[in-house]
Each structure stands twice: as C-alpha cells, then as structure tokens.
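Hi everyone, thanks for making time this morning. I'd like to walk you through one model, so please have a look at it with me.

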Amino acid sequence: MDDLRRIRYFLAVAEHRHFGRAAEALHITQPALSQQIKTLEKELGVELLARTGRSFALTSAGVALRDGAQQLLAVAADLERTVRARATGTAGELKIAFTRSGTDSDISRRIREFRRQFPEIAVSTITGWTSWNLDLLESGEIDVAFVRGSIANPRIATRVVAMQEAAVVVASEHPLAERPTVCIADIVDEPIVLWSRRAGPEFYDELIGHIWGEGAPRLVAEETDAEQVLDSVSTGVGISILDRKRATRIAHKNVVVIPFDRDPPTISIQLAWLHGPETPTPTLIHFLEWWRHTN
C-alpha cells in the first residue's frame, strides 16, 4: 500500500546505513530519498536520524520505528492480501447444506478439495432434507444448498451436479428378494414405505409420477429418513424405493436392494443458491465458478 512507502524507505536507510546504497536498492534518486525521510520526520514530529556531516545514526525514535516497522509492514501486507482475497472470493465464509443422500456421492469429495485449495475460506456444513435446506437458503442462513429434484422457485437458481439411480428395497423374506432385477409392474400394487413428502416434495412427486403415473402408491407408512424407512422395510411393513447407492451402503442383513431392470427412476442432485436482487457474495460467486470448471 502506497501510504506505507515512506516507512519502507526509512527501513532501507536503516538497513543499508547509507543513503546512496538505500536509494539504489529502492530504485530512486538519493535526493528524492532524503526528501522522503525528511517528510516522514515532519509527519511524525520527531527526528529519526542524527546527522553529522555525511554520516548519520538512528535516534532513539528511529530505533523504535525500525524495530516496529517490520511488524507494521507484515500486518499491512496480510491485511492487503485479506482484502484482495475477500474481494475475489478466495477468502471469507461459505455455509453449505447437504441433503442426506448428497453426502454419499462425489459431492463430499469435491467439497474437501475446495477446502484444500482455498484454506482461507471458512466452509461450514450442515445436513438436512431438501425442503429444510431450501428454507435455510431463502432465510439467508446458508449460502448454497444441495437439494433433490427439480426446484420451481423463481428466487432460487439451480444446477444439476449429480444423477442418482433409485432402486427397490425389500425385506430379505419378501418374494421379490431373490430377483436380480425388478420392473415397475412388479411393485405398483405393493404396500409402500416412503419418507414424508414434506421433506422433499419435488423429488417425491417426480418419483410417484415415474412409477405410478396418474395413480397413487399403496402407502402404508411414512418415515423421517432413509434409515427409518429401511427399518420398516426390514420388519415387513412394506417395500420402498430409495437412492440405490445410499441404500446399498446403509442396508443391513434383513434388507435387499434390487435394481430396476430398465427405466429406473433417477434422482437429480442440484446445487441451489438465491437468485434475484440480492448480490451474491464474492465467495459464493467464486465457489460457483470453481464448481463449474472442476470435476
């Protein structure tokens, strides 16, 4: 920062103990350097150099300035870097909300990589369900959310970041459990256990439409999350349709995950952020650009 220029000039003089050599190191003329030191002394109202003919020594005030100036310049340099980083979005805060299934995909790996590349961005994360994440987004409590399904909200912009295949989940004693694959016709009349529609109405409606069309499932239970759905399935309450990758990871021995033979329902995972008159923070803009250009 230019306002610290004279401090740097003084340090050069104190280091070289010679105006000519200091001026050469600074790439300015010796008269210009002498004038800058005199101006600094005038600004501070003290004498920094005790001049005797063509030589000089640091006064006690000069020693104090020399000893503190390096720290001052280091702090100023750090501040300048921080200010520039904040302006470009490479420093600051970023609050992210995951969906429960979103954390099981490549998304988590990419967030870890973002943290590694930009350690000056304080990334905080929470995990919830789609509707809750969207509420947090609209209230300004988070900067970006990962959500499931197509979001029809003019205030929210989205970008598809992953597609996850759904699969059928049945108890190990269920007649379908021995099948390598199932088709939609095999399950349309089965008792169904699902999560609450309130947790993710967009994906819920997409799934129902994909399997039952204009009809409706024979819904026998609603649970709060995938783990509870699996527990109900394992006890024979009904069957379910869940994200295949996550269901396979968390399924226990009393549950079987069966892929669809063709035309499986797919779950879109979308990156969502507020879109409108509010100006996105530089950090959010930086994150969105980084995400768009990396794999």
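I'll start with confidence, then go through some helices and the cores.

This is a predicted model, where local features need pLDDT of at least 70, side-chain atom pairs count only at pLDDT 80 or more, and totals for chains, interfaces and linings use all residues. Residues are numbered from 1 along each chain as its sequence is written, and side-chain values use heavy atoms, with hydrogens and water left out.

pLDDT is the predictor's confidence in each residue, from 0 to 100. The chain averages 88, and 95% of the residues score at least 70. Confidence is lowest in helix H4, residues 60–88, with a mean of 80, and highest in S10, at 96. Helices (H or I, at least four residues) and strands (E, at least two) are DSSP runs, numbered from the N terminus.

Now, helix H5, residues 106–117. Its twelve residues should span 16 Å at 1.5 Å a residue, and the end C-alpha atoms are 17 Å apart, which agrees; the expected span is 1.5 Å times one less than the number of residues. Which residues of H5 are buried? They are Ile107, Ser108, Arg110, Ile111 and Phe114. These cover an arc of only 165° around the axis, so they sit on the same side of H5; the arc is that of the directions from the helix axis to the C-beta atoms. Buried means under 20% relative accessible area, exposed over 50%, and partly exposed in between, with a 1.4 Å probe and protein chains only. Arg112 and Arg116 are exposed, on the face of H5 turned away from its buried side.

Ile111 comes back in the largest nonpolar core: of its 54 residues, Ile111, Phe146, Ile241 and Phe287 touch the most other members. Such a core is a set of buried Ala, Val, Leu, Ile, Met, Phe, Trp, Tyr and Cys residues joined through side-chain atoms within 4.5 Å. Apart from it lies another core, of 22 residues, including Tyr9 and Leu48.

On to helix H9, residues 226–234, whose buried residues include Val229 and Leu230. At its start, a side-chain oxygen of Asp225 reaches to within 3.3 Å of the backbone nitrogen of Glu227. Just after H9, Gly236 takes a positive phi of about 85°.

Finally, Arg246 belongs to helix H10, residues 244–250. Is Arg246 buried or exposed? Buried, with a relative accessible area of 7%.

Key. Polar contact = N/O pair within 3.5 Å; in protein donor to acceptor, adjacent residues only side chain to side chain.
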